[in-house]
Amino acid sequence: MIFLMDLQMMVLDLIYFILRNSVRLVLRPRTKPVDGELVLITGAGGGLGRLFAQEFTKHGAEVVLWDLNSSSNEQTAKLVREMGGTAYTYAVDVTKREDVYRNAEQVQKDLGRHVTILVNNAGVVAGRRMLDCPDELMERTMKVNCHALFWTVKAFLPQMIAQKHGHIVTIASVLGLFSTACVEDYCASKFAAVGFHESLAHELVAEEIEGVKTTLVCPYIVDTGMFEGCKIRGEVELLLPPLKPQYCVEQAMNAILIDQPLVCIPRLTYLPVLFRALLPWESNVVAYRFMGSDKCMYPFIDYMQNQAKNNPIKVE
Ligand SMILES: NC(=O)c1ccc[n+]([C@@H]2O[C@H](COP(=O)([O-])OP(=O)(O)OC[C@H]3O[C@@H](n4cnc5c(N)ncnc54)[C@H](O)[C@@H]3O)[C@@H](O)[C@H]2O)c1
Ligand SMILES: *[C@@H]1O[C@H](CO)[C@@H](O)[C@H](O)[C@H]1NC(C)=O
């Protein structure tokens with residue numbers, strides 16, 4: 001009897017959420033205010049990280065900027081301050097867990113308050129054929145795109161739970177939901193990031209932790225230079241052009257500010273996710289071949305290999 005009642009409740013809830021989310025496609029729910037929040041952004045010196053800093057500033061939040069590269073990080077802070085915002089910069093290598101923990105404490109000490117929104121945005125890609133790729137470069141991708149999520153979440157989640165207030169944002173990629181050739185390190189790390197994020201999201205719900213929200217952001221190729229040269233078939237590219245960084249970040253912000261758990265940008269990329277789950281592997285292969293997404297990374301790899309010849313990436 002209880003089983004049947006639970007079943008009925010579950011089905012009703014399930015339908016409720018499908019309907020609610022369909023309505024939300026047209027009628028956007030009210031966004032939550034973030035003025036007064038303290039937002040920590042990793043990789044804040046880069047394309048998307050910088051724009052996230054600016055968007056959160058527009059919404060009245062204060063930002064803590066973490067990046068390996070202090071000069072580009074300072075540049076972001078300068079832009080934030082020019083907008084009348086408040087930015088605090090820290091040179092942090094998010095792959096070094098001691099660095100992460102130490103700087104997390106330092107932030108707390110310097111500002112005397114807790115980070116309430118964590119945006120895990122720092123990301124790298126090797127950009128080599130796996131068999132030509134130095135091992136360290138593949139390891140670096142895992143450490144930045146996946147391991148760093150462990151350390152930052154361990155550093156900032158406890159306070160969010162204690163205060164019953166917080167938001168964990170993971171910038172993954174559509175390449176964390178489906179893959180393509182020649183980006184093995186990146187796909188491995190982004191699938192890992194998706195798995196980590198989703199498990200954490202489930203945990204917060206299962207443990208009935210109140211007030212701590214999560215958003216997983218999965219963008220398609222964004223025009224920041226990270227995947228310079230990457231190209232799909234021309235006709236298909238008209239339908240699915242590389243995203244403008246500003247558009248990508250605005251869409252992500254919309255999702256964050258309504259506490260949406262997952263967003264793929266653009267929406268069209270939900271299709272390959274669906275196809276991957278529903279169709280035979282070979283059907284996906286022929287669709288990839290038709291769209292030119294099977295070899296879309298080839299020109300990117302060529303570009304990166306040339307770059308590497310001119311100035312090799314140093315990994316200690
Ligand atoms: N550009 C795209 O096409 C695209 C698509 C989907 C997802 N993403 C993801 O979006 C995020 C931002 O990408 P982007 O295009 O702005 O990249 P970007 O290369 O412009 O910026 C990344 C930033 O991260 C910093 N960083 C790298 N390693 C670090 C480390 N160990 N510690 C601290 N900071 C470090 C870099 O200094 C840089 O400022 C990444 O996670 C990326 O994987 C990008
Ligand atoms: C750091 O950023 C600056 C400015 O964006 C850039 O010119 C420089 O090459 C970057 N340094 C490293 C080590 O990536």
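Student: At what angle do helix 4 and helix 5 pack, and how far apart are their axes?
Tutor: In this predicted model, helix 4 (residues 97-111) and helix 5 (residues 135-163) pack at an angle of about 25°, with axes 9 Å apart. Helices are DSSP runs (H or I, at least four residues) numbered from the N terminus; axes are lines fitted to C-alpha atoms over the stretch in contact, and angles run from 0 to 180 degrees between N-to-C directions.

Student: Why is helix 4 roughly parallel to helix 5?
Tutor: Helix 4 is roughly parallel to helix 5 because of that angle, as angles under 35 degrees count as roughly parallel.

Student: Which residues make the contact?
Tutor: R97, V100, Y101 and A104 of helix 4 meet W151, T152, K154, A155 and F156 of helix 5, where contact means heavy atoms within 4.5 Å.

Student: New topic: how many residues has the largest nonpolar core?
Tutor: The largest nonpolar core has 58 residues, and F300 is among those with the most contacts inside it. Such a core is a set of buried (under 20% relative accessible area, 1.4 Å probe, protein chains only) Ala, Val, Leu, Ile, Met, Phe, Trp, Tyr and Cys residues joined through side-chain atoms within 4.5 Å.

Student: Which helix gives the largest share of this core?
Tutor: Helix 8 (residues 245-257) does, with seven residues.

Student: What does F300 touch?
Tutor: Not counting residues up to four places away in sequence, F300 touches several residues, including V125, V183 and F227.

Student: What lies apart from that core?
Tutor: Another core, of 29 residues, lies apart from it, with F156 among them.

Student: Which conventions apply here?
Tutor: Residues are numbered from 1 along each chain as its sequence is written, and chains are lettered from A and ligands numbered from 1 in the order in which they are written. Local features need pLDDT of at least 70, side-chain atom pairs count only at pLDDT 80 or more, totals for chains, interfaces and linings use all residues, and side-chain values use heavy atoms, with hydrogens and water left out.

Note on methods. Buried < 20%, exposed > 50% of the residue type's maximum accessible area, 1.4 Å probe, protein only. Helix = DSSP H or I, 4+ residues; strand = E, 2+ residues; numbered from the N terminus. Parallel < 35°, antiparallel > 145°, perpendicular 65-115°, else oblique.
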